[in-house]
Amino acid sequence: NAVCKVADPVWIGYCIEQKADMGCKVCPKAAPEEKVGVLCKRNGKFAVVEYSDLDDTSMNARDAKTGELTFSAGNICIHFYTMGFLKTKCSPDALPKVYHLAKKKIPHVN
């Protein structure tokens, strides 16, 4: 993200204080159709769900009391990881054997 604060000391300090193994910065989506993945829980575990994988019902779902989007935590690709997390969760044996292919409509030259 070109406008983010690199190595944000407040956020890094917060992650360390919370004893977090990993952290993700998010910002509220501007609109349901915004083309950004969302941080949410999938099968009880935190995950980033690609915008192209959200069905229309989920994409437009809103909290009945606040009117805010249910899936509003836009993933802006700013992450914090401890070395312990990387060594255990990102070792070749721990990585998924099958990967999810995100199909996006991004202009390109073939």
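Strand 3 gives the largest share of the lining of the second largest pocket, four residues. Helices (H or I, at least four residues) and strands (E, at least two) are DSSP runs here, numbered from the N terminus. This is a predicted model, in which local features need pLDDT of at least 70 and side-chain atom pairs count only at pLDDT 80 or more, while totals for chains, interfaces and linings use all residues. Residues are numbered from 1 along each chain as its sequence is written, and side-chain values use heavy atoms, with hydrogens and water left out.

Let us stay with the pockets for a moment. On a 1 Å grid over the protein atoms alone, a pocket is an open set of points where a 1.4 Å probe fits, with protein on both sides within 12 Å along at least five of seven lines, and lining residues have an atom within 4 Å of a point. A volume is the space filled by probe spheres set on the points, which are joined across faces, edges and corners. For the lining classes, Ala, Val, Leu, Ile, Met, Phe, Trp, Tyr, Cys and Pro count as nonpolar, Asp, Glu, Lys and Arg as charged, and the others, Gly among them, as polar.

| Pocket | Lining by class |
|---|---|
| Largest pocket | twelve nonpolar, three polar, four charged residues |
| Second largest pocket | six nonpolar, two polar, two charged residues |

The largest pocket holds about 590 Å³ of space. Of its 19 lining residues, V48, L95, P96, Y99 and H100 lie nearest the centre. Strand 4 gives the most to this lining, three residues. The second largest pocket has a volume of about 430 Å³, and V48 is also among its lining residues, as are N43 and F46.

F46 leads us to the strand pairing. Strand 2 and strand 3 pair in the antiparallel sense over five bridges (DSSP must find at least two bridges for two strands to pair), and K41 stands opposite F46 in strand 3. Their hairpin has two residues between the strands, and N43 takes a positive phi near 55 degrees there.

Which other residues have a positive phi? A7, not a glycine, has one of about 50 degrees, and K19 has one near 60 degrees. A7 sits in the segment before helix 1 and is exposed (over 50% relative accessible area, 1.4 Å probe, protein chains only), at 54%. K19 lies in the loop between helix 1 and strand 1 and is exposed too, at 71% relative accessibility. At the start of helix 1, a side-chain oxygen of D8 reaches to within 3.0 Å of the backbone nitrogen of V10.

How values were computed
A polar contact is a pair of N or O atoms within 3.5 Å; within protein, one must be able to donate a hydrogen and the other to accept it, and residues adjacent in sequence count only if both atoms are side-chain atoms. Buried means under 20% relative accessible area, exposed over 50%, partly exposed in between (1.4 Å probe, protein chains only).
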